[in-house]
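Hi there,

Here is the structure I promised to pass on. Please have a look at it first, and then read my notes below.

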Amino acid sequence: MKSKLSKQEAQKKIEDFFSNLKNKTPEQIKKIKRLAMHYHISLHNYKKLYCKKCYSVFNSENSEIRIRKGFKTRKCKMCGVISRSNIR
C-alpha cells in the first residue's frame with residue numbers, strides 16, 4: 001500500500017530533488033512534476049532548470065543561452081525547443 005504524503009512533506013521532497021539536479025534523468029523529473037501537480041505545488045523557479053519537452057536538465061553541454069533585448073533565450077540541443085523568459 002502506498003503511503004500518503006502531506007503537502008509539506010511533498011514540498012520538502014521537491015526541494016531536496018532540485019537541490020541536487022546534476023545527475024537526474026528525464027523520468028525522475030517527470031515523476032517529481034507529477035508529484036507537484038498532484039499536491040498543487042508550483043514549480044515556478046524550477047521550471048527554468050529543465051526542458052519542457054524532453055525533460056533533460058539544462059547545462060553547458062546540452063543547452064544554448066542567448067541574452068538579447070530583455071529576453072533570455074534557452075535552446076535545448078537535445079530536442080531543439082526554444083524557451084524564452086523576461087530579464088527583470
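This is a predicted model: local features need pLDDT of at least 70, side-chain atom pairs count only at pLDDT 80 or more; totals for chains, interfaces and linings use all residues.

Lys69 counts as exposed, because its relative accessibility is 73% and the cut-off for exposed is over 50%. You will find Lys69 in the loop between E1 and strand E2 (71-76). Most residues other than glycine have a negative phi.

His40 is another such case, with a positive phi of about 55 degrees although it is not a glycine. This residue sits in the loop between helix H2 (26-38) and E1, and at 69% relative accessibility His40 is exposed too.

Now to the strands. Arg74, in strand E2, is buried yet has no salt bridge. The nearest side chain of opposite charge belongs to Glu64, 11 Å away. What Arg74 does have is a polar atom of its side chain 2.6 Å from the backbone oxygen of Lys48. Among the residues that Arg74 touches are Phe58, Ser63, Val81 and Ile65.

Ile65 belongs to strand E1 (residues 63-68) and is partly exposed, with a relative accessible area of 39%. Together with Ile67 and Ile87, Ile65 forms a nonpolar patch on the surface, with about 280 Å² of accessible area in total.

Notes: Residues are numbered from 1 along each chain as its sequence is written. Side-chain values use heavy atoms; hydrogens and water are left out. Patches are made of residues with over 30% relative accessible area and no salt bridge: like charges are joined within 9 Å, nonpolar side chains (Val, Leu, Ile, Met, Phe, Trp, Tyr) within 5 Å. Accessible areas come from the Shrake-Rupley method with a 1.4 Å probe; for residues, only the protein chains shown count as cover. A salt bridge is a side-chain nitrogen of Lys or Arg within 4 Å of a carboxyl oxygen of Asp or Glu. Helices (H or I, at least four residues) and strands (E, at least two) are DSSP runs, numbered from the N terminus. Buried means under 20% relative accessible area, exposed over 50%, partly exposed in between (1.4 Å probe, protein chains only). Lys and Arg count as positive and Asp and Glu as negative; His and the chain ends are not counted. A polar contact is a pair of N or O atoms within 3.5 Å; within protein, one must be able to donate a hydrogen and the other to accept it, and residues adjacent in sequence count only if both atoms are side-chain atoms. Contact means heavy atoms within 4.5 Å. Lists of a residue's contacts leave out its neighbours within four places in sequence.
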